[in-house]
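Hi,

Here is the structure I promised to pass on to you. Have a look at it first, and then read on for my notes.

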Amino acid sequence: MFRNVLIILIFITLAFTLGCENHYYDARLKMEVQQLDSDLENRWSTSGVVVSAITSNGPADKAELSSGELISYVIGEYPVQNPREFKRAVKRAMADDNNMLLYLKGKQPLRIAIRKLGDKVGLEVEGSGSVRIKEITPGTPAANSNAIQVGDVVEKIVDERKIYSLNDYKKSVNEFAELNAYLTFRTTELIGVKIAAVSALGNLGDARAVESLIEILKNSNELALRKAAARSLERLVALSELNPLFQQFQQEDVNQLPADTLDSQHSESAEILGLLLVDRVANTATLEVPFGIQFRHRSKALYQKVNEGSLVKLAEQYIQIATEPEQEIRRTCLSILGTLKPISAIEPLVKVLRDNNEIPGIRFQAGLALSQIGTPAVDALIAAFNEADTAAKDIAASALGTIGGIQTRDFLINALETTDDPAIQLTLVDAIAKIGDESALSALERQRQRFQEDDSAIRIFLDEVFSRLTTHSQ
């Protein structure tokens with residue numbers, strides 16, 4: 001039941017965002033179908049219309065169709081009681097895609113195809129009630145099938161119509177109704193389509209998608225869908241960070257601004273995300289159609305929604321292995337916290353960093369997020385370096401070097417001068433070099449002199465660091 005409610009929720013959100021002209025209520029079957037959005041069509045080789053609502057005890061409900069299913073084929077079974085019905089059924093079946101399924105009593109269904117509309121199938125029938133093959137014309141598709149013989153009883157003709165759009169659906173069901181065809185559907189497993197829908201929610205940049213994606217991440221039983229929801233939330237967070245850039249366009253009420261008036265880092269990010277086209281020769285920055293222009297009007301609401309706190313609380317919970325076993329989701333939530341930089345996340349992040357049961361990549365990502373939070377995380381990182389295992393020391397030292405500052409520099413220098421672990425020494429050298437001020441360089445030079453007669457890895461690395469710094473200064 002939750003799966004169906006979930007899919008309805010996704011497509012309702014999309015419908016509100018993209019407009020409501022893509023729905024059709026099928027009065028005969030008592031159900032509503034919805035066009036698969038253009039952003040989702042033909043991904044994973046899927047196409048069709050989505051069942052968005054079903055009336056209880058109606059024909060669709062009795063046929064056990066479910067809300068959220070993708071109808072990829074509408075199938076009509078034509079009644080064949082006499083030669084006239086046979087000819088009409090063949091003509092209609094061939095008109096759509098030049099092929100049909102012929103059901104003969106006691107035999108497997110036969111697919112018969114013609115090269116172009118108007119070509120003869122090559123069958124004549126006779127009888128009333130029970131229709132039999134009377135004649136097979138040589139050189140026709142029917143004659144090429146050794147399975148068809150004179151005297152075979154025709155049970156039915158089946159017309160399978162591939163559905164690409166809402167218009168295809170309406171045309172097919174209406175034509176089948178005119179001929180009193182028995183109607184069935186072929187539905188497609190929706191995991192690929194659901195993933196595409198969830199991904200589209202991330203691409204749209206609409207604040208209303210946040211709660212839907214959080215709900216999916218928390219409650220869905222499909223891991224692939226939860227991963228997609230986490231990635232979409234990560235993208236929405238990245239988009240929300242571009243709000244200052246898009247507010248410039250909104251305030252000027254234009255879709256193009258001089259490129260040199262915009263923050264270069266934000267402009268580059270917007271380019272990568274496909275929202276902005278920058279021509280540096282012409283000094284223009286133009287919002288891409290359609291999402292760049294749409295996002296101009298959405299960015300403020302998204303920024304406010306992302307930063308109201310619910311997403312941070314979710315991410316702080318889902319970086320813990322005890323809560324979320326899937327490492328990709330944990331990694332994505334760590335990325336979200338690194339982008340949002342909430343001080344409340346410092347303790348949960350340090351817990352991940354110090355967890356020696358966690359995989360190294362996730363622990364490193366936690367350290368990266370702490371480095372992005374910056375100065376408020378320094379004390380927690382120093383404590384982790386002093387108290388945790390070697391892996392945590394290594395990550396904490398690197399994060400401290402990224403943050404920089406006098407307190408951090410002095411701590412790292414003291415750690416380098418008192419640490420005997422060669423692996424930690426290398427990380428400390430690199431971290432101090434990142435800070436790169438006069439005191440940091442003096443400390444590294446003292447270490448260089450200390451290992452002057454040594455051919456150890458740290459001496460070699462110190463030489464490389466000074467060589468790099470010298471080259472950079474030139």
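**Aromatic pairs**

The count comes to six aromatic pairs, where rings of Phe, Tyr and Trp (its six-membered ring) pair if their centres lie within 6.5 Å, and planes under 30 degrees apart count as stacked, over 60 as edge-to-face and the rest as tilted. Tyrosine 78 and phenylalanine 176 are edge-to-face, because their ring planes stand at 65°, with the centres 5.8 Å apart. This pair links distant parts of the chain, 98 residues apart: tyrosine 78 belongs to strand E4 (residues 70–78) and phenylalanine 176 to helix H4 (residues 166–178). Helices (H or I, at least four residues) and strands (E, at least two) are DSSP runs, numbered from the N terminus.

Before going further, please keep in mind that this is a predicted model: local features need pLDDT of at least 70, side-chain atom pairs count only at pLDDT 80 or more, and totals for chains, interfaces and linings use all residues. Residues are numbered from 1 along each chain as its sequence is written, and side-chain values use heavy atoms, with hydrogens and water left out.

Another edge-to-face pair is formed by phenylalanine 246 and phenylalanine 295, at 4.8 Å centre to centre and 80° between the planes. Phenylalanine 246 sits in helix H8 (residues 243–252) and phenylalanine 295 in helix H10 (residues 291–306), so the pair ties together parts that are 49 residues apart in sequence. Both phenylalanine 246 and phenylalanine 295 are buried. Elsewhere, ring pairs join Tyr24, Tyr169 and Phe185 into a cluster.

**Charges over rings**

Phenylalanine 176 comes up again here: arginine 161 lies over its face, 4.7 Å from the ring centre. Likewise, arginine 186 lies over the face of tyrosine 73, at 4.4 Å from the ring centre. The rule is that NZ of Lys or CZ of Arg is within 6 Å of the ring centre and within 35 degrees of the ring normal.

**A sheet**

Three strands form an open sheet in the order E11-E13-E12, with antiparallel pairing; two strands pair if DSSP finds at least two bridges between them. Strand E11 (256–258) and strand E12 (276–279) are the edge strands, each pairing on one side only. E11 and strand E13 (residues 284–287) pair over three bridges, and glutamine 256 has threonine 286 in E13 as its bridge partner.

Best wishes

Terms used. Buried < 20%, exposed > 50% of the residue type's maximum accessible area, 1.4 Å probe, protein only.
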